[in-house]
Amino acid sequence: MSAAPTDPAVSHTPQPDSSVAIASSSEIRVVKGACPHDCPDTCALRISVQDGRVIKVQGQAEHPSTHGALCTKVSRYPERTYHAERVLHPLKRVSAKHEAPRFERISWAQALTEIGGRLKAIADRDPQAILPYSYAGTMGMVQGEAMAGRFFNRLGASCLDRTICASAGGAALTATYGGKVGMHLPHYAQARLILIWGSNSIASNLHFWTFANQAKRHGAKLICIDPRKTETADKCHQHLALLPGTDGALALGLMHELIAHDWLDQDYIDRHVDGWAELRERALAWPPERTAEECGLTADEVRTLARDYATTAPAAIRLNYGMQRVRGGGNAVRLIALLPCLTGAWRHPAGGMLLSSSGWFVPFKNPSLERPELRAGRPSRLVNMSTIGDDLLRQAGPDFGPRIEAVIVYNSNPVAVAPESPKVVAGFQREDLLTVVLEHFMTDTADLADYVLPATTQLEHLDIHTSYGHTDVLLNQPAIAPLGESKPNTQIFRELAAAMGFDEPAFLEDDTALVRQAFKAEVDFDQLTEQGWFTLPLAQAPFAEGGFPAPGGKADARGADYLPNYESRRSDPALAARYPLAMISPPARNFLNSSFVNVKSLRDIEGEQLLEMNAEDAAARALTDGQTVRVFNDRGSYQCRLMVSERARAGVVHGLGIWWRKLGLDGRNVNEVTHQRLTDLGRAPCFYDCLVEVAAA
Ligand SMILES: Nc1nc2c(c(=O)[nH]1)N[C@H]1C(S)=C(S)[C@@H](COP(=O)(O)OP(=O)(O)OC[C@H]3O[C@@H](n4cnc5c(=O)[nH]c(N)nc54)[C@H](O)[C@@H]3O)O[C@H]1N2
Ligand SMILES: Nc1nc2c(c(=O)[nH]1)N[C@H]1C(S)=C(S)[C@@H](COP(=O)(O)OP(=O)(O)OC[C@H]3O[C@@H](n4cnc5c(=O)[nH]c(N)nc54)[C@H](O)[C@@H]3O)O[C@H]1N2
Ligand SMILES: [Mo]
């Protein structure tokens with residue numbers, strides 16, 4: 001079904017395996033796959049195909065980390081793939097950018113010739129004016145950056161600083177441990193105490209929850225630390241609803257109690273921690289009363305948490321990214337990551353903490369998959385994806401470099417997901433900006449494109465995956481031929497390379513070659529192909545005897561401190577007087593960031609864009625459950641449906657995300673009010689550090 005390119009300039013490029021038509025048969029064939037989505041779980045999939053059509057997507061029961069259970073979203077994968085609104089052929093814009101979007105169908109040959117010509121003209125002046133914009137629409141290494149990276153390196157384009165999700169916590173783990181490493185997922189089942197900290201595991205890390213639930217059945221205590229009373233909090237023994245952005249203070253308060261009660265593992269500290277003496281002084285300034293005042297908890301809650309954590313073994317922390325989307329998010333992660341070093345919890349396989357396991361894969365990966373040598377020493381300006389709004393509106397200048405003239409978007413929907421959308425929209429509305437979007441659907445970003453190129457889904461292409469929640473490599477075999485004229489991202493970049501006249505051998509390699517190059521020989525490719533996954537050979541209690549991947553093998557406590565939010569009663573009282581509500585915008589359970597919002601059966605479960613608010617705050621504003629409200633601050637406003645709910649504590653509202661703007665009540669979403677200031681470490685956005693007011697619409 002895949003259309004061969006008709007342009008002679010590109011027809012020599014090889015077709016990847018995944019676009020070879022797969023013979024149909026009325027028997028049911030089972031294909032082994034991997035879930036591509038941005039989620040810690042990276043499930044092993046079992047895809048049933050009949051007559052060339054996927055009839056069912058299930059989990060693989062034998063996969064030890066995900067054991068056959070799938071979330072509601074991904075079990076609806078066929079509905080997404082065969083969606084009537086899939087983009088199945090190239091499109092060219094025929095309306096102005098500020099008008100309602102209108103597109104006409106064009107051939108691949110025309111699309112490639114025109115885009116190639118326009119990119120070449122920009123690159124002749126300065127290739128740094130061209131920017132890739134991608135994130136984790138698919139987490140696959142091949143359909144992610146393998147071929148795209150080669151293309152942008154050869155072009156000499158600007159580089160994207162991929163910070164939108166996890167880089168504050170990532171930088172913190174690297175500063176503290178020397179890498180993004182932590183406990184192994186299955187060991188949580190043996191823990192006696194689990195702090196589920198800044199994680200709505202049931203919604204966004206379901207397979208961790210299975211292990212936590214096993215521990216609970218064996219008598220472990222589960223404590224949820226989250227401003228929102230989530231469905232995970234409902235199932236834990238205790239819920240501590242701290243104020244957003246105060247986790248660093250809570251960690252210091254716990255350290256205070258560890259010191260005061262002599263609960264430290266001084267031997268572990270002496271041998272495996274650098275800089276404790278200095279941090280110890282800072283922690284002594286956080287007695288339970290001060291900590292409680294800062295966090296919006298009671299002093300008793302702080303004391304009891306410290307006692308539970310220090311006196312139960314093994315004690316495990318499942319930290320997640322929700323708590324690092326604030327100004328002090330990086331330091332908060334550093335402080336929490338030090339807790340198991342102070343109590344010696346790392347001595348046990350079921351003790352320690354996990355924020356991300358992705359660093360465990362690094363030594364096994366091929367560092368030159370994206371062919372960095374193709375850049376050949378040319379400049380590589382780094383543009384932060386989290387400030388794309390400001391950056392698209394910026395003029396050329398000595399500290400910025402050339403104005404951005406072209407953006408090529410793949411695996412991301414920045415117009416919906418990037419902070420401060422009024423500026424992001426204004427940037428993408430520039431008539432002089434060339435925007436090319438590789439997509440499955442007409443997202444808010446595709447609506448502002450000059451060209452939309454149809455991409456294949458995970459059922460239609462080959463890929464290989466790591467995980468940030470477990471330590472298995474997974475292979476995704478294509479189950480069906482590409483729908484319509486869609487092509488894998490890799491193939492689109494190969495053909496764009498050919499249209500630009502790039503003839504290096506790196507652009508002739510097919511997807512099978514890329515999958516085989518992704519890892520070094522230690523990852524057994526035969527086992528991966530046969531079984532569907534390969535488990536990295538790693539130590540069970542990785543830091544029982546220290547040995548952190550940092551230089552010297554020690555955890556580093558130097559400099560870690562608590563920083564309050566940019567926007568809070570304490571840091572900006574004048575702003576807080578006008579906008580007294582702290583807003584967080586964690587994901588709606590049945591969406592995956594902005595993916596799946598257009599899948600009707602899932603959108604029907606979510607209903608409408610919702611704002612959860614405590615009854616006290618609603619009464620103070622004479623607002624009632626179910627009414628349409630306007631959420632606003634100096635940056636912008638959006639309308640949504642009010643849900644008066646016990647899930648919200650007083651003073652904090654939850655704008656559940658991330659809706660497509662055009663499916664929102666007034667064509668906007670929650671990022672209308674978020675800001676573009678960055679975290680203390682990792683240059684990440686502060687989505688959950690945001691003051692607003694709410695009124696009847
Ligand atoms: N169903 C579903 N699953 C997902 C996603 C999705 O959109 N939907 N997204 C995926 C992606 S990209 C990621 S990064 C992960 C995100 O999943 P997580 O890493 O778990 O992060 P969030 O969902 O942003 O937030 C988790 C929890 O942190 C809480 N929180 C907010 N602010 C604070 C704070 O200041 N302190 C503390 N202690 N808690 C706070 C929120 O209320 C929320 O319940 O999940 C992935 N899985
Ligand atoms: N207010 C607020 N904003 C947030 C967050 C929040 O909690 N609150 N969360 C943030 C986080 S954690 C993240 S990770 C970002 C996520 O932001 P993004 O990474 O942009 O994630 P999605 O919104 O899921 O968009 C991914 C897009 O990639 C497309 N896609 C999927 N597979 C492929 C493929 O194989 N090829 C191509 N070409 N396209 C594909 C999908 O159709 C989808 O439109 O959003 C951030 N934004
Ligand atoms: Mo994310």
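By class, which residues make up the shell around ligand 2? The shell has 15 polar, 12 nonpolar and 4 charged residues, where Ala, Val, Leu, Ile, Met, Phe, Trp, Tyr, Cys and Pro count as nonpolar, Asp, Glu, Lys and Arg as charged, and the others, Gly among them, as polar. This is a predicted model, in which local features need pLDDT of at least 70 and side-chain atom pairs count only at pLDDT 80 or more, while totals for chains, interfaces and linings use all residues. Residues are numbered from 1 along each chain as its sequence is written, chains are lettered from A and ligands numbered from 1 in the order in which they are written, and side-chain values use heavy atoms, with hydrogens and water left out.

Of the 31 residues around ligand 2, those that come nearest are Arg-80, Ser-412, Glu-439, Ser-594 and Ser-595, a residue being near if one of its heavy atoms lies within 4 Å. The side chain of Ser-412 places an N or O atom 2.8 Å from an oxygen atom of ligand 2, and a polar side-chain atom of Asn-489 is 2.9 Å from a nitrogen atom of the ligand. Taken alone, ligand 2 exposes 910 Å², of which the protein buries 97% (Shrake-Rupley method, 1.4 Å probe).

His-184 sits in the loop between helix H5 (167-177) and strand E8 (193-197), helices (H or I, at least four residues) and strands (E, at least two) being DSSP runs numbered from the N terminus. His-184 counts as buried because its relative accessibility is 7%, the cut-off being under 20% relative accessible area with a 1.4 Å probe and protein chains only. A polar atom of the His-184 side chain lies 2.8 Å from the backbone oxygen of Ala-539.

How values were computed
A polar contact is a pair of N or O atoms within 3.5 Å; within protein, one must be able to donate a hydrogen and the other to accept it, and residues adjacent in sequence count only if both atoms are side-chain atoms. Buried means under 20% relative accessible area, exposed over 50%, partly exposed in between (1.4 Å probe, protein chains only).
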